[in-house]
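Have a look at the model first, then read on.

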Amino acid sequence: MTVPRFPTTGPGAVPDPQVAAMLAALDDGFPDVTSMPAADVRAAIRARRSTPQRLPDLREAREVTIAGPGGDLGLRVYRPHHVESPAPVIVFAHGGGFVFCDLDSHDEFCRSMAVGVGAVVVAVDYRLAPEHPGPAAHEDVLAALHWTAAHIGVHGGDPTRIALAGDSAGGNLAATVALAVRDRGGPPIAAQVLIYPVIDDDFDTESYRRFGTGHYNTTSAMRWYWQQYAPHGTDDVRLVPTRAATLTELPPAVVITAELDPPCAAGDAYARRLAADGVPVRHRRYDGLFHGFLTIPTLTATRAARTEIWAMIRDVLDPATAGRRCGDPARSSVSPSADHR
């Protein structure tokens, strides 16, 4: 069994036993994605998937098929009970290294986000690499955004308050689609929510050097994901948002990073660059936590972090506060403690 190498100094110096046990289990049992074809990776990931003990009850969880750039594009629309109508809307792109995961892998997360934020959530079943290399996924999420702006009123959503959101690879897609809307025209976006986003392919950052092995998400896996998604290079701004000359005039951002995650430093740097370019930013780095932790609802730290993040999203989608500048990015430690349980 691989023993997680936690930092010896700083806010994450004393690992929470529950987090350490989960990291060890994940590091031990997650398949080596670099050693098998993508189809086998997907099968292995699905085989590990467990059914959540409890799913938040919703007024509606409806499958929708729209015309996408590559053919039929599947969406799942989540509408919670007892929310204002029209409610704010979140177009969500799931993580999975651009290669695996789907609507079902993030079903519990989307349900919880819909209830916690009080928003209609539109999850996108975008095309996966390597069969569909980038920017296929980017274009699918952009198409889903256009459909949402035109049709979400039928599901009780407010087309003037749409956030783009995603975790991991989905965070990349949310960021690049926000840029596409700014540069190519499109529906007005109220916010972008980037959850431990895969911002770029720089594998020489401090977080890659410190946490590239032994912390579930690895440098070798990240290299493999980028090879599948961008086999012809990453110079395209539709693939890597930092290729944009400027981040000015982008919508307000919520940026979430995790200390023990190799892409953490890039996410932190992107939050700083957004703020420097005049974009209102709400940024939290969760010390002592790892890539993907928000989709593990059994962790005490996850429950605490979700509560905080749902509040941040509500705030950025509130018309009274959406334009407020939020200051420089900041770190926030939610390793389970007395005030976070």
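How many bridges join strand 3 to strand 4, and do the two run parallel or antiparallel? Five bridges link strand 3 (residues 87–93) with strand 4, and the pair is parallel. Bear in mind as you read that this is a predicted model.

**The chain as a whole**

Overall, the chain holds nine helices and nine strands. It has 341 residues, and 59% of them count as buried. If you take the contacts between residues at least 6 apart in sequence, 77% of those join residues at least 24 apart.

**Strands around strand 4**

Back to the strands. Strand 1 and strand 2 make a hairpin, with two residues between them. Strand 2 also pairs with strand 4, and strand 4 in turn pairs with strand 3. Here are the pairings side by side:

| Pair | Sense | Bridges |
|---|---|---|
| Strand 1 (residues 60–68) and strand 2 (residues 71–79) | antiparallel | nine bridges |
| Strand 2 and strand 4 (residues 120–125) | antiparallel | five bridges |
| Strand 3 (residues 87–93) and strand 4 | parallel | five bridges |

Elsewhere along the pairing with strand 4, Arg 76 has Ala 123 as its bridge partner.

Is strand 4 largely enclosed or largely open? Five of its six residues are buried, so strand 4 is largely enclosed by the rest of the structure.

**Helix 7 on the inside**

The buried residues are Thr 219, Ala 221, Met 222, Trp 224, Tyr 225, Trp 226, Gln 228 and Tyr 229. What do they pack against? Their neighbours are helix 2 (38–48), helix 4 (136–151), helix 5 (169–184) and helix 6 (206–211).

**Helix 3 against helix 9**

Now for a helix pair. Two packed helices are described by the angle between their axes and the distance between the axes. For helix 3 (residues 107–117) and helix 9 (residues 300–317), the angle is about 60 degrees, with the axes 9 Å apart. That angle is why helix 3 and helix 9 count as oblique to each other. Their crossing is right-handed. On the helix 3 side, the contact is made by Glu 108, Phe 109, Ser 112, Met 113, Gly 116 and Val 117, while helix 9 brings in Arg 306, Trp 310, Ile 313 and Arg 314. By type, the residues of this contact split into five nonpolar, two polar and three charged.

Phe 290 sits in the loop between strand 8 (281–286) and helix 9. Is Phe 290 buried or exposed? Its relative accessibility is 0%, so Phe 290 counts as buried. Leaving aside residues up to four places away in sequence, Phe 290 touches Val 19, Met 22, Leu 23, Leu 26, His 215, Tyr 216, Ala 258, Leu 260, Ile 296 and Leu 299. Phe 290 and Pro 262 are 28 residues apart in sequence, and their C-alpha atoms are 8.9 Å apart in space.

Conventions
Residues numbered from 1 in each chain as written. Predicted model: local features only at pLDDT ≥ 70, side-chain atom pairs only at ≥ 80, totals over all residues. Heavy atoms only, no water. Pairing = 2+ DSSP bridges. Helix = DSSP H or I, 4+ residues; strand = E, 2+ residues; numbered from the N terminus. Axes fitted to C-alpha atoms, helices over the stretch in contact; angles between N-to-C directions. Parallel < 35°, antiparallel > 145°, perpendicular 65-115°, else oblique. Left-handed = near helix turned anticlockwise from the far one by under 90°. Contact = heavy atoms within 4.5 Å. Nonpolar A, V, L, I, M, F, W, Y, C, P; charged D, E, K, R; others polar. Buried < 20%, exposed > 50% of the residue type's maximum accessible area, 1.4 Å probe, protein only.
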